[in-house]
Amino acid sequence: MDSAARPPVRLRDALAAVPDYVPGKPASATSGLTAYKVSSNENPYPPLPSVLRVVEKAAADLNRYPDMANRELIDALAAFVGVDPARIVVGAGSSGVLTQIVTALCEAGDEVVYAWRSFEMYPIVTGLAGARGVAVGLDADHRHRLDAMAAAVTELTKLVLICSPNNPTGPVVHDRELRLFLARVPSSVCVVIDEAYAEFVRDPDAPDAPALLEEHPNLVILRTFSKAYGLAGLRVGYAVASPELAAAFAKTAAPFAVNAIAQAAAVASLGESAELLERVDAIVAERGRVARSLAEQGWRLPQSHANFVYFPLGEDTMAFAQACARAGLVVRPFAGDGVRVTIAEPEANDRLLDVAREFGPR
């Protein structure tokens, strides 16, 4: 048979509906300016010297497979969170753990409820499982509408995803509204609260999610070492869940998904959490400075409790992103919605304030 006449390999129909993940672009050279990548919510601080020493030591054994059970890391996380190790499951970043969760729960015909706009991985992992995403719009303050999300739950719903603080807009859900939401959702529906930016939260009304686990065994907490701990390049995330759910999510992990260097660096970082969280405090202080300066300029932005600010610019989104690019700032635009900008080095933040002043509030 002529090769031109051979039928192509048949891919899954579900792939056609799965959007591509759009990563933050790297900083590119700008004439006369230091370029800053403020598109990916990375921590501007490098790993601690003590963590780098652990990484160097672990690298000497790269010819060996890592501990597939992640025992040392799971024990360290359990002690850190204050739960039984049977409640901890780890993966390649919180996105990797999220994929494990969806794989364990969802198949064709199921529904996954999430807010929109929210984390880009939600429709991707939902579509890859063959499930249907049910997107519930944010409110006027760019917050989750938990009442509307509860109303969107049907007998087909397997999973609800709550991003708090919400990426890319920044607000958190509050304890009272989360408790009311959990009381409304059937116990057969898994609820994931994605707390990738939990360490940056300073809202006194934010929930203490681990405290809700005993009362709500369908609740899962998702966290990462990529943001506050500055290990984005190593890909370590974890979930806290009931022992039954944690065991199921561990089954769907790729073997050796968390490499040996990542495991060692995460354990070392937990041991240095006090020093690392001082850096988080510095980023939070910078976030406050930037937010106050933007408010003085006349901007009315969502209240962010993450390591970024969000400009809900609608049709002016790409124009603002281009203005930032001309100033040597690579930001993350969401066409037609808004622009997310990471709180980074003070010099980068100052440049953002200059661009925002010149562009003018919308």
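Ala, Val, Leu, Ile, Met, Phe, Trp, Tyr, Cys and Pro count as nonpolar here, Asp, Glu, Lys and Arg as charged, and the others, Gly among them, as polar. With that sorting, the lining of the largest pocket divides into 11 nonpolar, 11 polar and seven charged residues. Keep in mind that you're looking at a predicted model.

**The largest pocket**

- The volume of the largest pocket comes to about 480 Å³.
- Its lining is made up of 29 residues, and Tyr21, Ser40, Ser95, Phe119 and Lys227 are the ones that lie nearest the centre.
- Two elements, helix H3 (93-105) and S11, each give the lining at least two residues.
- H3 has the largest share of the lining, with three residues.

- H3 is 13 residues long and spans 19 Å from its first C-alpha to its last, close to the 18 Å expected at 1.5 Å a residue.
- Of the 13 residues of H3, 10 are buried, so this helix is largely enclosed by the rest of the structure.
- The buried residues of H3 include Gly93, Ser94, Ser95, Gly96 and Val97. Ser95 also turns up among the residues nearest the centre of the largest pocket.
- Helix H9 (residues 273-297) has 25 residues; it reaches 36 Å from first C-alpha to last, close to the expected 36 Å.

**Salt bridges**

- You'll find 17 salt bridges in the structure.
- Arg332 and Glu120 form one of them through their side chains, at 2.8 Å from N to O. Arg332 sits in strand S11 (residues 332-334) and Glu120 in the loop between strand S3 (111-116) and helix H4 (121-128), so this pair ties together parts that are 212 residues apart in sequence. Both Arg332 and Glu120 are buried.
- Glu195 and Arg223 make another, with their side chains meeting at 2.9 Å, N to O. This pair also links distant parts of the chain: Glu195 is in the loop between strand S6 (190-194) and strand S7 (219-224), and Arg223 is in S7, 28 residues apart. Glu195 is buried at 7% relative accessible area, and Arg223 is buried at 15%.
- Glu42 pairs up with Lys37, and their closest N and O atoms are 3.1 Å apart. Here Glu42 is partly exposed, at 34% relative accessible area, and Lys37 is partly exposed too, at 30%.
- Asp175, Arg179 and Glu215 are joined in a network of salt bridges.

**Cysteines**

- There are zero disulfides in this structure.
- Take Cys106: the closest cysteine sulfur, in Cys190, is 8.7 Å from its own sulfur, which is too far for a bond. The cut-off for a disulfide is a pair of cysteine sulfur atoms within 2.5 Å.
- Cys106 counts as buried at 8% relative accessibility.
- Cys324 is buried as well, with a relative accessible area of 0%.

- Some background first: most residues other than glycine have a negative phi, and most peptide bonds are trans.
- Trp116 and Arg117 are joined by a cis peptide bond, with omega about 15°. Arg117 lies in the loop between S3 and H4.
- Another cis peptide bond runs from Asn167 to Pro168, where omega is near 25°. Pro168 belongs to the loop between strand S5 (157-163) and helix H6 (175-184).
- Asn41 isn't a glycine, yet its phi is positive, near 55°.
- His142 is in the loop between strand S4 (132-137) and helix H5 (146-151), and it is partly exposed at 22% relative accessible area.

**One more loop residue**

- Leu313 sits in the loop between strand S9 (308-311) and helix H10 (317-326), and it is buried, with a relative accessible area of 7%.
- From Leu313 to Ala335, the C-alpha to C-alpha distance is 9.2 Å, while the two are 22 residues apart in sequence.

Key. Residues are numbered from 1 along each chain as its sequence is written. This is a predicted model: local features need pLDDT of at least 70, side-chain atom pairs count only at pLDDT 80 or more; totals for chains, interfaces and linings use all residues. Side-chain values use heavy atoms; hydrogens and water are left out. A salt bridge is a side-chain nitrogen of Lys or Arg within 4 Å of a carboxyl oxygen of Asp or Glu. Buried means under 20% relative accessible area, exposed over 50%, partly exposed in between (1.4 Å probe, protein chains only). Helices (H or I, at least four residues) and strands (E, at least two) are DSSP runs, numbered from the N terminus. On a 1 Å grid over the protein atoms alone, a cavity is a set of points where a 1.4 Å probe fits but cannot get out, and a pocket is an open set with protein on both sides within 12 Å along at least five of seven lines; lining residues have an atom within 4 Å of a point. Grid points are joined across faces, edges and corners, and a volume is the space filled by probe spheres set on the points. The expected span of a helix is 1.5 Å times one less than its number of residues.
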